[in-house]
Protein chains: 2
Amino acid sequence: MQPDKVRRVYIQEVAPRDGFQIEPNFVPTEEKIKLINRLGRTGLAKIEATSFTSPKAIPNLRDAETVMRQIERVPGVVYAALVPNVRGCERALAAGVDEINVVMSASESHNQANVRMTREQSLAQFAALVKAARGSKAFLNASLATTFGCPFDGWTPAEEVMRLVEQILEIGFQGISLCDTTGMANPRQVARLCERVRTRWPEVPFILHLHNTRGMGLSNAAAGLDAGIDRFDASLGGLGGCPFAPGATGNVCTEDLTHMFAQMGCQTGVDLDRLIEIAKDLPRIVGHEVPGQVMKAGQADRKYAKPDWVGTAKNQIAITSS
Amino acid sequence: MQPDKVRRVYIQEVAPRDGFQIEPNFVPTEEKIKLINRLGRTGLAKIEATSFTSPKAIPNLRDAETVMRQIERVPGVVYAALVPNVRGCERALAAGVDEINVVMSASESHNQANVRMTREQSLAQFAALVKAARGSKAFLNASLATTFGCPFDGWTPAEEVMRLVEQILEIGFQGISLCDTTGMANPRQVARLCERVRTRWPEVPFILHLHNTRGMGLSNAAAGLDAGIDRFDASLGGLGGCPFAPGATGNVCTEDLTHMFAQMGCQTGVDLDRLIEIAKDLPRIVGHEVPGQVMKAGQADRKYAKPDWVGTAKNQIAITSS
C-alpha cells in the first residue's frame, strides 16, 4: 500500500464490446449508441465501442460501422475498437476510431481456440496491422489474453509474457493490455508481473484487463495499483465473460472498480453517481440481472435511517450482526 | 505485497451462526450438526457454531444447546459461540464451548440498533461477562462491529476504534475481531487500521471479519494480510449479511477467501477441495443459491478440454475474448 499518495487512475470501459459480444440476444444498435453516449459523459478515459469483425463470427457486433459513426465523440475520451485482422483494421480506421485494439493469447492453445491461429501467425498478422495503420493517427494497443493463466495450458510462465510483450512492442504496438481472461490470477502474481513489466518498459502504458471469475478481480486491481498500474479495463455491471470458461462470472465491474479506487483516495475522473445510474439501466438493455454490487448496495458512504428504537435504548437484545 | 514469504493464515468459519441466523427458513438441527461436523474435518481453525441468545430474538438458532452438545469436537478446531449477555455466556459455558464471542459496535447508533444498548452499557456487560467466564477455560473474543463504518453514523474514526479496543482489552478480552459489518471498508483503510492496532498491541490476536457488500471483501482481506493480519472470519458460500443493509451481499465467502490465500502462496491448513464440496451442498440446505464463486468456476488451476480445432489452426477468426 502507498497510503498517502493520491493516484490518478484511468478507467476504460469495455462493455459495449467485451460485454455485448457474448450476450444471448442482440442489443439494438440504438441502445448501444445511447449507452456509449451516456458513458462518454461520465469521465471514463476510454470506451471500447465495438469490434470490426465478421458479422458471421460475432453477429452481436454486426453493426460496428453504424455504432462507430453515430456515437457522440466526447473530447478527451478515446474511442477504441477491436479488430481481428487487416480488413477489420481498415474498416475501423475508415469509421474513425481513435484506437485499434488487437488480441492474441500468451498461451498457444488459447490463441488457437480463440483466434484460430498459432501465436506465430498472430504476430505476423500484428505486423501486417501495423503496416495497415501506418499514416493514421490511431493508437495501437495489443491485448495479451491468458497473460496469467490459460484454461487449457495452465499457468502462463512470466518469461513467456515478457518475450511476447517484447515482440509486440518491437512490431510497433504502443500499449499492452495484460488480460486475465478467465480470472485465474491472484494478487501476488499480478503484483509480481506488473512490477516486472513496468521495470522493464517504464514508458509503455500497460493496462490491466481483469475478470472476476473467482472473486479476485478487485483484489487483483488493488495489487496492480500498488505495483504502479494506472489503467484498468472494466465492464459496466460486470457484463462479459469467456466462452471457454462456462459458469464463470464476467469482467471486473466498472462501477465497483471505480468505487473501490475512489474509496481508496484515487482520482478516477469518473462521475460515479452518473455511472451507477447508467449501470442500473443495464438489466433492461440486456434482459437479465448483472453481477455489479455497488449498483445494488449503494456507495460505501450511503446512510440508512436509524431504527426507531435508537436513542431510546432499552437494554433488550434484538439481533446481533457482526 | 510480501511476495516471497510463506504466510500461515487461519480461516474461521461463521456460516452456522452469522449465516444461518438471518436465513428466511430454519435450518434443521440435524443439518446444522452434519454441516459443522463436515467443516470440522476440513482444517478450518475455528467454527462459530451457534449463538446462545433468546429463541425469541433469533428463532433460527433456538437449538444452540443441542448443536453445541452433539457436534463432533475435532481436536485442534476451536468451537466458538456468540453470546449476547451473562445468561447466554453461562449457557454456552455449560454446553462446553471453547470460545465465547461477544459483539458491540464501534458506532453508537449501530450498537443501539443491533443490541439495544448504549456502548457504555455494552462495555459494562462485557465486564460482567468476563466475571461470569472466570474459572472456565474458554477464550474470550470481542467482535467490534462497524469498525470501519456505520450505515447510520458514517465513517468510524480510527481513534474511536483504538479507544474501544483498549477498553475491551482492559476489561479482560483476549482477542478482537475487527468487523466491516456492512462492507464499507476499502483496502487502504483496512491496511492503515490493521497496521495501527498491530503496532499498538502486537501480542493480541486480531481477526478481520469482512463483508463483500460492495465487492471489496477479498481486496480488504489481501490488504489485511499485507498488514500482518493472519486470522479471517468467513462464511461458507458467502452466506450472511446485515439486516440493516438491505440488498447487500453477505460475508466474505470462506472457499473464495481460502482459494485466494492458497493461490497467493499462503498456508491455509484447509483442504480446499473438501471445503468446496461442502459449499456445493449449501443451496440444498438453505433452499436458495449462494454468492460463492469458486464453487461455480472451480479453482484457478482448473483445466478445460481444448476445442477440437486447436492443433489444426485454420487462420479463421472465430470468437475473440480478451
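This is a predicted model: local features need pLDDT of at least 70, side-chain atom pairs count only at pLDDT 80 or more; totals for chains, interfaces and linings use all residues.

A: Happy to! Helix H8 of chain B covers residues 187-200 and helix H9 of chain B covers residues 217-226; the two pack with their axes 8 Å apart, at an angle of about 30°. Angles under 35 degrees count as roughly parallel, so H8(B) and H9(B) are roughly parallel to each other. The crossing of H8(B) past H9(B) is right-handed. On the H8(B) side, the contact uses Pro187(B), Val190(B), Ala191(B) and Cys194(B), and these meet Ser219(B), Asn220(B), Ala223(B), Gly224(B) and Asp226(B) of H9(B). Sorted by class, the residues in this contact of H8(B) with H9(B) are 5 nonpolar, 3 polar and 1 charged.

Now for the strand, which is S5 of chain A. Strand S5(A) belongs to a closed barrel of 8 strands, whose order in chain A is S1-S2-S3-S4-S5-S8-S9-S10, with parallel pairing. Within this sheet, neighbouring strands are turned against each other by 25° on average, direction ignored. In the barrel order, S5(A) sits between S4(A) and S8(A), and each of these neighbours deserves a look.

On one side, S4(A) and S5(A) are joined in the parallel sense over 7 bridges. Here Met104(A) stands opposite Leu144(A), a residue of S5(A).

How enclosed is S5(A) by the rest of the structure? Of its 7 residues, 6 are buried, so S5(A) is largely enclosed by the rest of the structure. A helix also covers part of this region: H5 of chain A, residues 108-115, lies across S4(A), residues 99-105, and S5(A). The direction of H5(A) is at about 125° to S4(A).

Helix H8(A), residues 187-200, packs with helix H9(A), residues 217-226, at an angle of about 30°, and their axes are 8 Å apart. H8(A) and H9(A) are therefore roughly parallel to each other, and their crossing is right-handed. From H8(A), the contact draws on Pro187(A), Val190(A), Ala191(A) and Cys194(A), while H9(A) supplies Ser219(A), Asn220(A), Ala223(A), Gly224(A) and Asp226(A). The contact of H8(A) with H9(A) divides into 5 nonpolar, 3 polar and 1 charged residues.

To finish, back in chain B, look at H10 and H11. Helix H10(B), residues 254-263, and helix H11(B), residues 272-280, have axes that come within 10 Å and cross at roughly 160°. That angle makes H10(B) roughly antiparallel to H11(B). H10(B) passes H11(B) in a left-handed crossing. Thr254(B), Glu255(B), Thr258(B), His259(B) and Ala262(B) of H10(B) make the contact together with Leu272(B), Leu275(B), Ile276(B) and Ala279(B) of H11(B). By class, the contact of H10(B) with H11(B) has 5 nonpolar, 3 polar and 1 charged residues.

Technical notes:
Residues are numbered from 1 along each chain as its sequence is written. Chains are lettered from A and ligands numbered from 1 in the order in which they are written. Two strands pair if DSSP finds at least two bridges between them. Helices (H or I, at least four residues) and strands (E, at least two) are DSSP runs, numbered from the N terminus. Axes are lines fitted to C-alpha atoms, for helices over the stretch in contact, and angles run from 0 to 180 degrees between N-to-C directions. Two residues are in contact if their C-beta atoms, placed from the backbone, lie within 7 Å. Angles under 35 degrees count as roughly parallel, over 145 as roughly antiparallel, 65 to 115 as roughly perpendicular and the rest as oblique. A crossing is left-handed if the near helix is turned anticlockwise from the far one by less than a right angle, and right-handed if clockwise. Ala, Val, Leu, Ile, Met, Phe, Trp, Tyr, Cys and Pro count as nonpolar, Asp, Glu, Lys and Arg as charged, and the others, Gly among them, as polar. A residue is buried if 20 or more other C-beta atoms lie within 10 Å of its own, exposed if 12 or fewer, and partly exposed in between; C-beta atoms are placed from the backbone.
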